[in-house]
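Work through the exercises below with the sequence and the 3D structure at hand. Each task is followed by a solution in steps.

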Amino acid sequence: MTFYPTERLALFIDGANLYSAAKALGFDIDYRKLLDEFKKRGLLVRAYYYTAIAENDDYSPIRPLVDWLDYNGFTLVTKPAREYTDSQGRKRWRGDMDIEIAVDMLQMAETVDHMVLFSGDGDFRALVEAVQRKGRRVTVVSTMKSQPPMTSDDLRRQADNFVDLNDLGNIIGRPQRAPQQRYASTDQRSPAEREAEDEY
């Protein structure tokens, strides 16, 4: 990664996308380590985390993570996940945060030098290009090393830098917990994140 110590940085984390990429690579994200790592690389102005939350559930498994992030240096951007029924009659959730990410990146382009987008979604290619036209550098963090790859080739080519999440695993990752432990009280997935893997 090419970062300069005097650069003003902003992170834009697509929660569902990052969760799916890390899961495909076999580790969980340690958000404290993630924040600390980017504070070392420049002047971190803002770290946004985007996720949809099912508001009508009595208990949302992502709530502990959202609360922790909110109190530990992240700016949370959430919205209600929409429930729908798929063709097999299964209850599904959808909560696309693309518009929120795009609006925030375009606004922050006025005040930061370098943006780090944690997403492999090809829909962001035009957004990255628009931000670059404002003279800002964009690094995309996702992975090509999962099966299937979780990043769009167009997005990877458009970015100033591409960092494979697998290469950051030893820096910002921790081993995945056993399923029964993770799902009991610290599951970091929103319903939208649980469904994200079905969309790739």
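**Exercise 1: helix α1**

Gly 26 comes directly after α1 and has a positive phi, near 90°. The model is predicted, so local features need pLDDT of at least 70 and side-chain atom pairs pLDDT 80 or more, while totals for chains, interfaces and linings use all residues. Residues are numbered from 1 along each chain as its sequence is written, and side-chain values use heavy atoms, without hydrogens and water.

Task: state how many residues of helix α1 are buried.

Solution. Helices (H or I, at least four residues) and strands (E, at least two) are DSSP runs, numbered from the N terminus. Buried means under 20% relative accessible area, with a 1.4 Å probe and protein chains only. In α1 (residues 15–25), 9 of the 11 residues are buried, so the rest of the structure largely encloses this helix. Among the buried residues are Tyr 19 and Leu 25.

**Exercise 2: Ala 52**

Task: is Ala 52 buried or exposed?

Solution. Ala 52 belongs to strand β3. Its relative accessible area is 1%, so Ala 52 is buried. Met 97 is 45 residues from Ala 52 in sequence, yet 7.4 Å from it, C-alpha to C-alpha.

Key:
Buried < 20%, exposed > 50% of the residue type's maximum accessible area, 1.4 Å probe, protein only.
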